[in-house]
Amino acid sequence: MRQTEIIGVGMTSFGQQADRSLRDLAGEAALAALDDAGCGRLDAIWGGGAATGLLAGQSHLAPLIAGHIGQTPVIAGSVESAGASGALALRAAWLEVASGQVECALALGTEKVSDADGDLLADAEAAMLDREHEADAGGSLAALFAMIAREH
């Protein structure tokens, strides 16, 4: 593996942004990261969202954003790992660069929960757990993380 570096970052402001779509928010952050990195052309883009399919009705985040920011054709993949989805996208992008497969990769961690109602949020959280053994028994992500922290 070759040495790699994070050479640019970008993000949007936190808060309720009901007038902006997931595509617009992720696109803004992606373009800011590319500008910060001085990377005009991407070789790969990896998107991570805990429940974008359920909460925003939008899966396949990376190909969506690649097209939105004019970075096609490009290797584009989406990953999910609950609250670690953005970190998993970063790992995938890092592996692409470290392995020598690409020169410039973008990782996105994206979620928009402010538009979702409470029942949809509860269903999305249950989907991030083992629904049969944890969620249906009343478990929550906060409780699971607390148990993991206590065990650590």
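Which side chains meet in a salt bridge at 3.2 Å, N to O? They are those of Asp123 and Arg131. This pair belongs to a predicted model, in which a search of the whole structure finds three salt bridges.

**Salt bridges**

- In the pair formed by Asp123 and Arg131, Asp123 counts as partly exposed because its relative accessibility is 32%. Arg131 is likewise partly exposed, with a relative accessible area of 35%.
- Glu103 forms a salt bridge with Arg2, and their closest N and O atoms are 3.1 Å apart. The pair links distant parts of the chain, 101 residues apart: Glu103 is in the loop between α4 and β3 (105-109), while Arg2 is in the segment before α1 (22-37).
- Glu103 is exposed because its relative accessible area is 58%, a value over the 50% cut-off. Arg2, at 33%, is partly exposed.
- Glu28 pairs with Arg20 in a further salt bridge, with the closest N and O atoms 2.5 Å apart.
- Glu28 has a relative accessibility of 34% and therefore counts as partly exposed. Arg20 is also partly exposed, at 23%.

**Backbone features**

- Most residues other than glycine have a negative phi, and most peptide bonds are trans. The following residues depart from that pattern.
- The peptide bond from Thr72 to Pro73 is cis, and its omega is near -5°. Pro73 is placed in the loop between α3 (61-68) and β2 (75-79).
- His60, a residue other than glycine, has a positive phi near 55°. His60 is found in the loop between α2 (52-55) and α3.
- The relative accessibility of His60 is 59%, so this residue counts as exposed.
- Ala82 also has a positive phi, near 50°, in a residue other than glycine. The loop between β2 and α4 (85-98) holds Ala82.

**Largest pocket**

- Rolling a probe the size of a water molecule over the atoms shows where empty space is left.
- The largest pocket contains about 1,100 Å³ of space.
- Its lining is made up of 44 residues; those nearest its centre are Gly10, Leu106, Ala107, Leu108 and Gly109.
- At least two lining residues come from each of α1, α4 and β3. The most is given by α1, with eight residues.
- By class, 26 residues of this lining are nonpolar, 13 are polar and five are charged.

**Second largest pocket**

- About 260 Å³ of space lies in the second largest pocket. This pocket is lined by 19 residues, and Gly49, Ala50, Ala51, Thr52 and Glu80 are the closest to its centre.
- The elements β1 (44-48), α2, β2 and α5 (118-128) each contribute at least two residues to the lining of the second largest pocket.
- The lining of the second largest pocket comprises nine nonpolar residues, nine polar residues and one charged residue.

Key
Residues are numbered from 1 along each chain as its sequence is written. This is a predicted model: local features need pLDDT of at least 70, side-chain atom pairs count only at pLDDT 80 or more; totals for chains, interfaces and linings use all residues. Side-chain values use heavy atoms; hydrogens and water are left out. Helices (H or I, at least four residues) and strands (E, at least two) are DSSP runs, numbered from the N terminus. Buried means under 20% relative accessible area, exposed over 50%, partly exposed in between (1.4 Å probe, protein chains only). A salt bridge is a side-chain nitrogen of Lys or Arg within 4 Å of a carboxyl oxygen of Asp or Glu. On a 1 Å grid over the protein atoms alone, a cavity is a set of points where a 1.4 Å probe fits but cannot get out, and a pocket is an open set with protein on both sides within 12 Å along at least five of seven lines; lining residues have an atom within 4 Å of a point. Grid points are joined across faces, edges and corners, and a volume is the space filled by probe spheres set on the points. Ala, Val, Leu, Ile, Met, Phe, Trp, Tyr, Cys and Pro count as nonpolar, Asp, Glu, Lys and Arg as charged, and the others, Gly among them, as polar.
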